[in-house]
Amino acid sequence: LSAVSALLSNLTGPWGTRGLAGPTWGPNSTGAAPAGPGDGDMRAPLCTFCCCGLLNRTLAVVFMVSLAFSIVIGNVVTITVFLQTRQFRTPQGYLKVSLALADMMVGLLVVPFSVYTEITLMVTSTPPAWYQGDSVAARGGLGSSWQPCKLIGPVFAGCTFVSISTIFLMTVERCVAILKPLHKDSILTHRRILLLIALSWVGSFLLALAPLILTNGFTLEYNECSRMCNYAPLWDGKPPPPKGNVLLLFPAFDLTLLGVTLVVNVMSFTSIRRYSQKRKLLAEGGLGGDSSTGGCSQRPSFSDIKAAKTIGILTFAFTASFFPIAVFVLGNVVGYQWCNFSFFAFWILTSNSCCNVIIYSVRDQRFRKGVAVLFRKEPVPPHGEKS
């Protein structure tokens with residue numbers, strides 16, 4: 001129990017960044033600031049001028065505004081192309097639309113709220129009610145007074161979980177298409193995929209709200225380090241409540257699902273490599289030139305192989321953007337409070353929401369054609385008429 005208490009007191013992730021048991025005296029250091037007479041409960045600033053000054057806040061706002069526009073525009077284009085192109089109305093296409101919706105919610109709600117809060121902090125001398133340490137923000141549970149972070153925080157956590165679970169489903173879908181190409185249509189039906197998408201959304205947002213539903217020991221507040229609405233424990237210096245370890249579900253879910261996703265990707269690429277070697281041997285006559293063997297007739301199509309490689313790149317991009325958060329969590333567990341680093345870790349993860357449209361544009365020729373059709377000025381010829 002003491003080990004869990006120590007872990008929770010230092011826990012940080014895309015879901016909570018309340019500081020360690022003591023304040024810090026430097027940007028990336030740990031320990032208490034030197035106390036002086038009459039200090040009382042006053043704390044040293046968690047970040048330095050280089051990351052909390054007016055110039056830095058201005059640059060941060062410019063970055064956030066640019067990121068919000070990129071996320072929204074990119075994902076609106078992605079959703080429009082997938083919905084208007086008949087060839088994308090497949091299980092894989094539905095999963096990509098689900099991923100784009102989760103990313104777009106981040107650009108529409110999470111990032112603009114951080115922009116609003118940062119501008120409020122620059123133009124007013126009084127922090128908003130949802131700011132870190134405010135008496136309104138420091139009330140836990142769903143039954144406490146409502147403030148915007150109780151919407152924005154679960155939206156960010158829920159969309160992160162939806163992204164991870166959707167990438168996992170996309171990976172499994174491609175693995176089935178690679179390993180069982182003759183049975184993929186009977187296994188991966190539209191109804192099953194839509195049901196799995198609905199379950200991933202419901203389950204992800206229930207998990208995001210779990211700390212507020214199950215206990216009053218957590219609150220949501222705008223964190224001055226990450227500059228986002230994050231979960232924060234309310235038992236500074238005290239033993240955690242009976243359900244205080246509920247926040248450990250977040251990193252456990254993320255890391256487990258990402259690990260399984262990587263394993264499934266390895267299975268798919270191993271199978272692709274085996275089929276490629278078999279095809280090479282057939283071309284060279286190494287298998288007696290018998291191209292009608294059962295194993296060869298069940299080889300996946302070229303489009304399935306290319307789609308699997310695209311999903312692998314999506315998985316790698318998300319894992320790379322999540323890696324700084326994982327490092328940040330481990331650093332906090334062992335006693336470091338990397339306040340300045342937390343901003344970069346959280347916003348690298350947020351920036352991943354605008355990466356998928358770039359990956360599709362580079363990897364998918366049909367997507368590029370869909371974008372070209374979407375933005376071209378000349379009218380589309382009627383069905384059956386040659387252009």
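Q: Why are α3 and α11 called roughly parallel to each other?
A: In this predicted model, helix α3 (residues 54-84) and helix α11 (residues 339-351) pack at an angle of about 20 degrees, with their axes 11 Å apart. Angles under 35 degrees count as roughly parallel, and α3 and α11 are therefore roughly parallel to each other. Their crossing is left-handed.

Q: What makes the contact of α3 with α11, by class, nonpolar, polar or charged?
A: The contact is made by Ala60, Phe63, Met64, Leu67 and Ile71 on the α3 side, and by Phe343, Trp347, Thr350 and Ser351 on the α11 side. By class, this contact of α3 with α11 has 7 nonpolar residues, 2 polar residues and no charged residues.

Q: Why are α3 and α13 called roughly perpendicular to each other?
A: The axes of α3 and helix α13 (residues 365-375) come within 9 Å and cross at roughly 100 degrees. The range of 65 to 115 degrees counts as roughly perpendicular, and α3 and α13 are therefore roughly perpendicular to each other.

Q: Which residues of α3 and of α13 make the contact, and how do they divide into classes?
A: From α3 come Val77, Thr78, Thr80, Val81, Phe82 and Gln84, and from α13 come Phe367, Gly370, Val371, Val373, Leu374 and Phe375. The residues of this contact of α3 with α13 divide into 8 nonpolar, 4 polar and no charged.

Q: What makes α4 and α5 roughly antiparallel to each other?
A: Helix α4 (residues 91-123) and helix α5 (residues 149-179) pack at an angle of about 160 degrees, and their axes are 9 Å apart. Angles over 145 degrees count as roughly antiparallel, and α4 and α5 are therefore roughly antiparallel to each other. The residues of the contact of α4 with α5 divide into 18 nonpolar, 4 polar and 4 charged. The crossing of α4 and α5 is left-handed.

Q: Which residues touch the most other members of the largest nonpolar core?
A: Of the 74 residues in the largest nonpolar core, Tyr222 and Trp347 touch the most other members. Helix α5 gives the most to this core, with 13 residues. A second, separate core of 5 residues includes Ile178, Tyr275, Ile305 and Ala308.

Q: What does Tyr222 touch, not counting residues up to four places away in sequence?
A: Tyr222 touches a set of residues that includes Phe113, Ser114, Thr117, Glu118 and Leu121, as well as Trp130, Tyr131, Gln132 and Cys149. Arg227, Met228 and Cys229 are also among the residues that Tyr222 touches.

Q: What is phi of Arg227, and is the value positive or negative?
A: Phi of Arg227 is near 60 degrees, which is a positive value in a residue other than glycine.

Q: How do you know whether Asp185 counts as buried or exposed?
A: Asp185, in helix α6 (residues 184-187), has a relative accessibility of 64%. Exposed means over 50%, so Asp185 counts as exposed. Asp185 and Pro91 are 94 residues apart in sequence and 9.4 Å apart in space, C-alpha to C-alpha.

Q: Why does Leu209 count as partly exposed?
A: The relative accessibility of Leu209 is 25%, and partly exposed lies in between the buried limit of 20% and the exposed limit of 50%, so Leu209 counts as partly exposed. Leu209 is in helix α7 (residues 190-214). Leu209 touches Pro154 and Tyr231, not counting residues up to four places away in sequence. Between Leu209 and Ala157 there are 8.7 Å in space, C-alpha to C-alpha, and the two are 52 residues apart in sequence.

Q: What makes Phe344 partly exposed?
A: Phe344, placed in helix α11, has a relative accessibility of 47%. Exposed means over 50% and buried means under 20%, so Phe344 counts as partly exposed. Phe344 and Cys225 are 119 residues apart in sequence and 9.6 Å apart in space, C-alpha to C-alpha.

How values were computed:
Residues are numbered from 1 along each chain as its sequence is written. This is a predicted model: local features need pLDDT of at least 70, side-chain atom pairs count only at pLDDT 80 or more; totals for chains, interfaces and linings use all residues. Side-chain values use heavy atoms; hydrogens and water are left out. Axes are lines fitted to C-alpha atoms, for helices over the stretch in contact, and angles run from 0 to 180 degrees between N-to-C directions. Helices (H or I, at least four residues) and strands (E, at least two) are DSSP runs, numbered from the N terminus. A crossing is left-handed if the near helix is turned anticlockwise from the far one by less than a right angle, and right-handed if clockwise. Ala, Val, Leu, Ile, Met, Phe, Trp, Tyr, Cys and Pro count as nonpolar, Asp, Glu, Lys and Arg as charged, and the others, Gly among them, as polar. A nonpolar core is a set of buried Ala, Val, Leu, Ile, Met, Phe, Trp, Tyr and Cys residues joined through side-chain atoms within 4.5 Å. Buried means under 20% relative accessible area, exposed over 50%, partly exposed in between (1.4 Å probe, protein chains only). Contact means heavy atoms within 4.5 Å.
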